[in-house]
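Please look through the sequence and the model before reading on.

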Amino acid sequence: MEQPIRPIGPAAPRPHRFRTAARLTNAASFLFNSSSAFFLLFPVYLQQLGGSPAQIGLVASLLRIGSLAARPLGGQLLDRFGRRPILGVGVLCTLIAILSLFVFPRAGLPFYLLRIVQGAGTSFLDSGFGAVIADLSPPAARAQMFAIYTIWINLAGALMPALGEAIVRHVGFFPLFGLAASVLSASFFLIWRLPETARRRVAAPAPLGRSLAGAGPLLLGGVLAGWV
């Protein structure tokens, strides 16, 4: 018999707060994805620094490695500690990685390691926002809720690269990195206005090692794709 589900924090938002919570989640996700979309221009930045195609591919691989490796861990942490704390950790990791470009602007060990941190942070955020939307969605409207959520994601991906290109053309990459950090910080403040929607099962979650073993082939495939 399935164990009952108990809330980690306050109960799910009451009906009159449901729309507000959904709008805050979509807005915070839009800001996060806007910050991420600016980094579609990152290969151009590396090229301007004199990076070889191999170095650019390595950076892309490290971002992917960080993101994919953090997925199983992120899922465990989201269920154990709740949505908002892990979303906050995701913002912190990504923000540190972005701001580090002002200290370590060129390829080197700190630069490469912080790209893994950046990938992990974006993974926590992506997984966390998806979990919040799933928590908020009534069963009869789940598809509609996710459709609206993905509209905001795709809108950021459609608009922000062009804006980023205009910024780079007129003032350079470092103002773009500063804007990406500022937008991500704004997302952080919206996250802490969200209700905690997580539910915790009485039964203990599966060990993380088992999750990582099951995800191994996917991680390997993603890493190889990034290297190619």
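## Salt bridges and pockets

R83 is buried, with a relative accessible area of 7%; buried means under 20% relative accessible area, exposed means over 50%, and partly exposed lies in between (1.4 Å probe, protein chains only). The model is predicted, so local features need pLDDT of at least 70 and side-chain atom pairs count only at pLDDT 80 or more, while totals for chains, interfaces and linings use all residues. Residues are numbered from 1 along each chain as its sequence is written, and side-chain values use heavy atoms, with hydrogens and water left out.

A salt bridge is a side-chain nitrogen of Lys or Arg within 4 Å of a carboxyl oxygen of Asp or Glu. By this rule the count comes to four salt bridges, including those in the table.

| Salt bridge | Distance between closest N and O atoms |
|---|---|
| R83 and D135 | 2.7 Å |
| R83 and D79 | 3.1 Å |
| R71 and D126 | 2.9 Å |

D79, R83 and D135 are linked in a network of salt bridges. R71 is partly exposed at 31%, and D126 is partly exposed at 30%.

The protein chain has eight helices and two strands; helices (H or I, at least four residues) and strands (E, at least two) are DSSP runs, numbered from the N terminus. Of its 228 residues, 42% count as buried.

A pocket is an open set of points on a 1 Å grid over the protein atoms alone, where a 1.4 Å probe fits and protein lies on both sides within 12 Å along at least five of seven lines; lining residues have an atom within 4 Å of a point. A volume is the space filled by probe spheres set on the points, which are joined across faces, edges and corners.

The largest pocket has a volume of about 770 Å³. Its lining holds 26 residues, and those closest to its centre are S36, F39, L40, L63 and T122. Helix α3 gives the most to this lining, with seven residues.

The second largest pocket holds about 280 Å³ of space. Among the residues that line it are F18, R19, I133 and W152. The largest share of this lining, six residues, comes from α1.
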